[in-house]
Amino acid sequence: MANFNRPTTEIAHVYRGTFIHSTEQTALLILEDALLGVDTEGKIAFIGKGAERDRLSQTFGFSLSEITQLAQHEFFMPGMVDTHIHASQYSFAGTALDMPLLQWLNTYTFPVEYRFKDLEFARRVYTQVVKRTLRNGTTTACYFATIHTDASLLLGQIANDFGQRALVGKVCMDMNNSAKYYRETLQECQEETRRFIAELLSKKYPLVKPVVTPRFAPTCTDALLGQLGEIAKNNNLHIQSHISENLEEVKLVMGLFPDSQSYTHVYHRHNLLTDKTVMAHGCHLSNEELTLFRETGTSLSHCPNSNISLCSGLLNVRNVLKHKVKLGLGTDVAGGYSASMLDAVRRALDLSKILAVQDPENKALTFEEAFRLATLGGSQALSMDDHTGNFEVGKDFDALRVNVAAPGGPIDLIQHDDGPKTLFEKFLNLGDDRNIVEVFVAGRKVVPFTEPTPE
Ligand SMILES: [Zn+2]
């Protein structure tokens with residue numbers, strides 16, 4: 001029996017073929033010969049069986065000739081959600097992975113981020129990162145920009161122009177003793193954050209919103225953290241930051257904030273832990289801190305490539321899930337060297353298997369679970385699961401059309417009668433952007449790119 005909303009809007013597109021997604025109950029749900037309709041607002045109007053096409057076409061008023069049929073080795077899956085990526089650091093992705101976090105920030109990161117006061121440089125990098133992530137199937141991205149308000153606004157505009165769903169954060173830091181050239185005063189942080197939020201919201205981009213972004217506790221005074229907590233609360237905004245990435249950083253925070261009983265409490269006492277907060281890493285959180293995450297509805301972004309590349313720590317995902325903390329995956333470019341969420345899926349699996357080798361009590365993640373973290377889990381981590389994350393009726397159609405047998409692609413199919421689960425597993429482990437033939441966000445086809453018409 002098909003699921004559908006009472007038809008209120010017209011159907012814009014109907015697709016027939018294999019649909020693969022996750023639900024709360026099932027990490028991998030494969031719907032073969034399914035029929036999915038997208039309305040003119042980009043929302044999923046119905047999902048049913050191919051055999052029900054006559055009845056569905058009558059109910060929703062589309063003609064059978066409008067149905068787009070997927071080929072044998074194709075399927076649709078939900079667009080992936082990158083819950084933590086530094087758009088500005090994309091300019092040095094793939095390099096500079098030879099230092100631990102605090103030295104890495106001073107040596108490589110702050111000098112590069114400082115360059116984003118130059119809007120032309122910002123335009124070049126931000127255009128590239130939005131295109132690269134979209135092409136690799138990231139339909140939703142939670143971005144850190146830099147401390148520069150105008151360049152951060154430009155990132156929002158570019159994401160909107162290319163049709164990516166995005167949270168964009170102007171970074172706040174009023175304490176940076178190692179790089180005094182790259183910070184603002186408390187007053188500048190406050191005023192510029194307010195300006196950033198007001199100007200971005202005034203654009204009324206349908207899919208791009210601001211996110212309040214204290215970089216992390218070591219670069220923020222108590223006063224700044226307090227003000228940002230207040231701004232987020234008064235405007236009901238998302239919040240993002242970093243927590244417990246490496247042990248040296250945790251020690252530094254405990255020294256800087258001696259009144260707080262834990263790193264988590266530094267944020268908690270400034271009202272920065274809410275059900276719209278996503279914190280990156282959390283490799284070294286205690287069980288008590290994880291419990292506080294669950295109680296406040298705060299989520300974690302697991303960034304395995306970055307955690308391995310900067311030798312930061314090994315997050316025990318099984319333990320996070322046991323504590324019922326909302327969890328998504330992030331690339332953390334450029335601490336993580338790959339901007340592809342498929343890489344995040346693979347590194348999450350690798351890292352969890354390393355923990356299983358160390359202690360068999362740590363049951364390794366399955367590929368189905370890693371897929372759910374990259375899609376539905378990410379949407380829950382960003383409190384966007386009302387709109388995206390899977391193919392539930394009423395959500396926006398954020399989807400990847402995958403061709404496992406794409407000509408010139410990275411996958412050789414030996415058994416031509418492989419079932420959809422085998423094809424899907426091969427794509428997760430071996431596939432890349434050559435297999436992602438089309439990308440949709442809120443029903444709109446955003447990949448392949450339509451070249452802007454010359455002015
Ligand atoms: Zn980060």
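The legends below describe close-up views of a predicted model.

**View 1. Helix H9 and the elements that cover its buried residues.** In helix H9, which spans residues 287-296, the buried residues are Glu289, Leu290, Leu292, Phe293 and Thr296. These residues lie on the same side of H9, because they cover an arc of only 155° around the axis. Glu288 and Glu295, on the other side of H9, are exposed. After H9 comes Gly297, which has a positive phi near 80°.

**View 2. The packing of helix H5 against helix H6.** Two packed helices are described by the angle between their axes and the distance between the axes. For helix H5 (residues 186-202) and helix H6 (residues 222-235), the angle is about 20° and the axes are 10 Å apart. Since angles under 35 degrees count as roughly parallel, H5 and H6 are therefore roughly parallel to each other. The crossing of H5 and H6 is right-handed. On the H5 side, the contact is formed by Leu186, Cys189, Gln190, Thr193, Arg194 and Ile197, which meet Ala223, Leu224, Gln227, Leu228 and Ile231 on the H6 side. Sorted by class, the residues in this contact of H5 with H6 are seven nonpolar, three polar and one charged.

**View 3. The cis peptide bond between Val333 and Ala334.** Val333 and Ala334 are joined by a cis peptide bond with an omega of about 10°. Ala334 belongs to the loop that runs between strand S15 (327-329) and helix H12 (341-358).

**View 4. The cis peptide bond between Val447 and Pro448.** Here omega is about 0° for the cis peptide bond that joins Val447 and Pro448. Pro448 is located in the segment that comes after strand S18 (444-447).

**View 5. Ala96, a residue other than glycine with a positive phi.** The phi of Ala96 is near 60°, and this residue is placed in the loop between strand S7 (80-86) and helix H2 (101-114). Ala96 counts as buried because its relative accessibility is 15%, where the cut-off for buried is under 20%.

**View 6. Asn236, a residue other than glycine with a positive phi.** Asn236 has a phi near 50° and is found in the loop between H6 and S12. With a relative accessible area of 54%, Asn236 is exposed, as the cut-off for exposed is over 50%.

Terms used: Residues are numbered from 1 along each chain as its sequence is written. This is a predicted model: local features need pLDDT of at least 70, side-chain atom pairs count only at pLDDT 80 or more; totals for chains, interfaces and linings use all residues. Side-chain values use heavy atoms; hydrogens and water are left out. Buried means under 20% relative accessible area, exposed over 50%, partly exposed in between (1.4 Å probe, protein chains only). Helices (H or I, at least four residues) and strands (E, at least two) are DSSP runs, numbered from the N terminus. The arc is that of the directions from the helix axis to the C-beta atoms. Contact means heavy atoms within 4.5 Å. Axes are lines fitted to C-alpha atoms, for helices over the stretch in contact, and angles run from 0 to 180 degrees between N-to-C directions. Angles under 35 degrees count as roughly parallel, over 145 as roughly antiparallel, 65 to 115 as roughly perpendicular and the rest as oblique. A crossing is left-handed if the near helix is turned anticlockwise from the far one by less than a right angle, and right-handed if clockwise. Ala, Val, Leu, Ile, Met, Phe, Trp, Tyr, Cys and Pro count as nonpolar, Asp, Glu, Lys and Arg as charged, and the others, Gly among them, as polar.
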